[in-house]
Amino acid sequence: MATGYPLTIGLHTWPTSEAVYQALRWPHMADVQQMLLEQHSPMTAKMKSKKYRHRQRPDWLDIRVRITVMRWVIRVKYLQHPVRIGRLLSEAGTLPIVEESHKDRFWGAVDDGTGLLIGENILGRLLMELKAEIDEGKWGTGSVLPPPAIDECILLGEPIPSITAEEGPGNEPAELF
């Protein structure tokens with residue numbers, strides 16, 4: 001839900017990764033995707049998309065699809081902002097990364113009232129997975145990320161292309177940390 005990390009995918013620059021994630025719910029609705037492309041706030045993109053959920057792709061609630069899309073979006077964000085995202089991930093050191101939430105037990109974890117965080121923490125797990133891949137040297141300059149391995153991977157009427165580390169509006173130098 002962070003701003004300041006625009007993503008270039010094909011010919012379009014999306015202001016937030018949340019807008020891209022939400023847009024992939026509607027590969028068959030370019031008008032909804034265009035509306036999301038125009039949202040500069042990740043929370044606004046999420047909220048404006050809610051009224052279309054009854055028409056989202058039929059497999060969206062399949063956990064595999066949602067996680068596959070989020071995993072891909074996070075990697076695009078890193079490839080296009082390697083220094084800033086790399087620094088944020090490195091700050092965790094060896095500690096687990098937890099998406100602390102007020103109510104989302106799937107993507108994050110919720111305080112149970114005693115300070116204990118309860119939830120799946122899928123977003124935190126995906127970030128730790130990416131951090132491990134970075135530490136192993138998997139993602140460097142020239143790395144190529146194929147589109148998500150799901151049916152109908154379409155944004156604004158076009159199939160999603162592979163993303164390379166050189167693309168993107170926030171393309172900082174390739175030093176990681």
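Look at Glu-100 first: across from this residue stands Ala-109 of strand S4. This is a predicted model, where local features need pLDDT of at least 70, side-chain atom pairs count only at pLDDT 80 or more, and totals for chains, interfaces and linings use all residues. Residues are numbered from 1 along each chain as its sequence is written, and side-chain values use heavy atoms, with hydrogens and water left out.

S3 and S4 (residues 109-111) run in the parallel sense, joined over two bridges; pairing here takes at least two bridges found by DSSP. Step back and you get an open, mixed sheet of three strands, ordered S3-S4-S5. Its edges are S3 (100-101) and S5 (117-118), each pairing on one side only.

Now for the helices. H4 (residues 63-80) and H6 (residues 122-135) have axes that come within 10 Å and cross at roughly 45 degrees (axes are lines fitted to C-alpha atoms over the stretch in contact, with angles running from 0 to 180 degrees between N-to-C directions). That makes H4 oblique to H6, oblique being whatever is left after under 35 (roughly parallel), over 145 (roughly antiparallel) and 65 to 115 degrees (roughly perpendicular). The contact divides into ten nonpolar, no polar and four charged residues.

Overall, the protein chain has six helices and nine strands, counted as DSSP runs (H or I, at least four residues; E, at least two). Its C-alpha atoms fill a box of roughly 45 × 40 × 25 Å along the principal axes.

Key:
Ala, Val, Leu, Ile, Met, Phe, Trp, Tyr, Cys and Pro count as nonpolar, Asp, Glu, Lys and Arg as charged, and the others, Gly among them, as polar.
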